[in-house]
Amino acid sequence: MPFIKSLPEKSGPGAVFAKFPQIYGLWSQLSQELMNGPSPLSQGEREMILAFAAGAAGCKFVYAAHSEVAYGWGIAREALEGLMKNVDTAPVDAKLKPLMKYVHKLATAPSTMTQADVDAVLAAGWEELALHHAIAITARAAFMQRVAEGYGFTPMTPEVAAAQMAYDQRSRDAH
């Protein structure tokens, strides 16, 4: 049950966005463009970054929800679970590892970012635009964590995540 009693019992961020479009409408548009618009990162990679950043920061709600979306885009469950345990040993392409280390550090210790962190990502073959997108997606994860935890949305299981995503979509479609 959310902390705000005027929200439906099984609501999530989509219900908040629908209830307060003057506050969250532009944010929702930005998020859709970031996650689904043109990018050097695939939609699956973007969802994996979002889930990973949220998970690294300890937000179970956003991690569960966006893990399921990442899996839907073809990201292997083992890849994301491996990243959560140890980026160096995760079963992901070697090119992704410096980017995911960057995301982890930005999500968990943002004031410690250095030029060397950027250089490692670029040396792995990523273009600057991919890094821009990874930074924005990591920032989106932090924003969504504040929304989810600020409103008191209950951490979810993967099974509930799929149902929640459907509920949120219906809420958006109704408004």
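Helix 3 and helix 4 run roughly antiparallel to each other (an angle over 145 degrees). This is a predicted model, in which local features need pLDDT of at least 70, side-chain atom pairs count only at pLDDT 80 or more, and totals for chains, interfaces and linings use all residues. Residues are numbered from 1 along each chain as its sequence is written, and side-chain values use heavy atoms, leaving out hydrogens and water.

Two helix pairs are set out below. Axes are lines fitted to C-alpha atoms over the stretch in contact, with angles from 0 to 180 degrees between N-to-C directions. Helices are DSSP runs (H or I, at least four residues), numbered from the N terminus.

| Pair | Axes come within | Crossing angle |
|---|---|---|
| Helix 3 (residues 43-56) and helix 4 (residues 60-72) | 8 Å | roughly 160° |
| Helix 6 (residues 96-108) and helix 8 (residues 128-151) | 10 Å | roughly 35° |

From helix 6, L99, Y102, V103, L106 and A107 meet L131, A134, I135 and T138 of helix 8. Here the division is eight nonpolar, one polar and no charged.

Helix 7 (residues 115-123) buries D117, V118 and V121 (under 20% relative accessible area, 1.4 Å probe, protein chains only). These buried residues fall within an arc of 95° seen down the axis of helix 7, so they line one face. Their cover includes helix 6 and helix 8. On the other side, Q115, A116 and A123 are exposed (over 50%). Just after helix 7, G125 has a positive phi of about 105°.

Key: Helix = DSSP H or I, 4+ residues; strand = E, 2+ residues; numbered from the N terminus. Parallel < 35°, antiparallel > 145°, perpendicular 65-115°, else oblique. Contact = heavy atoms within 4.5 Å. Nonpolar A, V, L, I, M, F, W, Y, C, P; charged D, E, K, R; others polar. Arc of directions from axis to C-beta.
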